[in-house]
Amino acid sequence: MTGAGAGIGRSIALHYAKAGAQVVVADLNDDAGAETVRLITEAGGVAQFQHTDVASAKDTDSLVAKALSTYGKLDIACNNAGVAPPATPLAEIDDGLWRRIMSINLDGVFYGIRAHIPALVQNGGGVIVNVASILGQVGFPGMAPYVATKHAVVGLTKQVAVDYADKGVGAIAVGPAFIKTGMEDNLDPASRADLDTAHPVGRMGEPEEVGSVVAMVSAPNWTFVNGAYLPIDGGYLTR
Ligand SMILES: NC(=O)c1ccc[n+]([C@@H]2O[C@H](COP(=O)([O-])OP(=O)(O)OC[C@H]3O[C@@H](n4cnc5c(N)ncnc54)[C@H](O)[C@@H]3O)[C@@H](O)[C@H]2O)c1
């Protein structure tokens with residue numbers, strides 16, 4: 001469970017643990033990850049922390065190895081870690097900003113999937129949940145690298161189904177709309193109000209409203225859902 005130190009990832013990790021999963025909490029931020037482990041343990045769940053930069057294939061391989069050595073098998077993998085760039089017109093995006101967003105939001109998910117698949121096949125099957133975004137379906141002003149990576153994550157999710165459904169491996173992409181996490185902290189009040197009204201429900205979402213759904217779609221009885229994109233968006237994509 002990557003990016004589990006804060007926001008949406010922490011909520012997903014807490015819901016996984018509540019549902020009975022033994023969780024490896026992975027994050028770049030050690031203190032934040034340790035706090036998620038503490039919250040899970042305090043609630044009676046089982047979790048361990050593993051420092052992970054998803055932009056590093058080596059870290060991601062070590063993360064899967066940690067899950068296998070600690071708990072013996074992998075049933076569910078969730079690629080959640082992601083970052084948003086400062087809003088920048090497309091023609092003004094420099095190589096450094098482009099590469100940074102690609103390396104975390106796209107390379108990170110690819111490294112994850114590549115490491116998860118052998119473990120899931122060995123397990124006789126399992127599911128990979130990729131946290132994309134509404135911006136995996138539509139564009140948004142100033143967000144070109146983010147939009148490109150999230151569309152690609154939706155594509156990679158379909159490809160897992162095409163290549164590995166016959167081995168029992170499923171994949172699903174979830175698409176949150178704007179959720180109240182640290183990622184949205186830099187918004188000024190006017191932008192925040194505009195974003196509220198962009199959702200038919202009239203507000204941004206809570207991390208809890210994503211975590212509960214992700215835990216549900218990761219359950220073993222969702223076996224005939226594969227390669228799908230599920231919006232969790234208060235109706236954002238309906239208009
Ligand atoms: N917040 C939103 O409005 C929103 C909407 C749609 C999709 N998402 C997606 O949900 C996911 C989680 O976003 P969030 O809002 O909870 O963000 P957040 O900033 O609140 O938390 C992200 C977590 O990921 C960790 N992280 C960052 N870079 C990392 C890396 N290279 N390796 C490992 N961990 C790393 C951070 O330390 C942090 O704990 C992201 O993929 C994001 O794109 C967020």
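**The ligand and its surroundings in a predicted model**

Good morning. In this predicted model, the ligand is surrounded by 29 residues. The closest of these are Asp 27, Asn 80, Tyr 146, Thr 181 and Glu 184.

Let me turn to the composition of that shell. By class, 15 of its residues are nonpolar, ten are polar and four are charged.

I shall now go through individual polar contacts. Thr 181, already named among the closest residues, places a polar side-chain atom 2.5 Å from an oxygen atom of the ligand. The backbone contributes as well: a backbone N or O atom of Ile 8 lies 2.8 Å from a ligand oxygen atom. For Leu 28, a backbone N or O atom lies 3.4 Å from a nitrogen atom of the ligand.

How much of the ligand does the protein bury? Taken alone, the ligand exposes 830 Å², and the protein buries 91% of that area. The space that the ligand takes is the largest pocket. Two elements give two or more residues each to the shell around the ligand, namely helix H1, spanning 7-18, and helix H5, spanning 144-164.

Finally, I come to the chain as a whole. The protein chain has seven helices and six strands. Read from the N terminus, the order of its elements is α-β-α-β-α-β-α-β-α-β-α-α-β. The radius of gyration of the protein chain is 17 Å, close to the 18 Å given by the globule rule for 239 residues, so the chain is as compact as a globular protein of that length. Along its principal axes, the C-alpha trace spans about 50 × 40 × 35 Å.

Thank you for your attention.

Definitions and conventions
Residues numbered from 1 in each chain as written. Predicted model: local features only at pLDDT ≥ 70, side-chain atom pairs only at ≥ 80, totals over all residues. Heavy atoms only, no water. Near = heavy atom within 4 Å. Polar contact = N/O pair within 3.5 Å; in protein donor to acceptor, adjacent residues only side chain to side chain. Areas by Shrake-Rupley, 256 points an atom, 1.4 Å probe, with all protein chains shown as cover. 1 Å grid on protein atoms, 1.4 Å probe; cavity = no way out; pocket = protein on both sides within 12 Å on 5 of 7 lines; lining within 4 Å. Sits in = over half its atoms within 2 Å of the grid points. Helix = DSSP H or I, 4+ residues; strand = E, 2+ residues; numbered from the N terminus. Nonpolar A, V, L, I, M, F, W, Y, C, P; charged D, E, K, R; others polar. Rg over C-alpha atoms; globule rule 2.2 N^0.38 Å.
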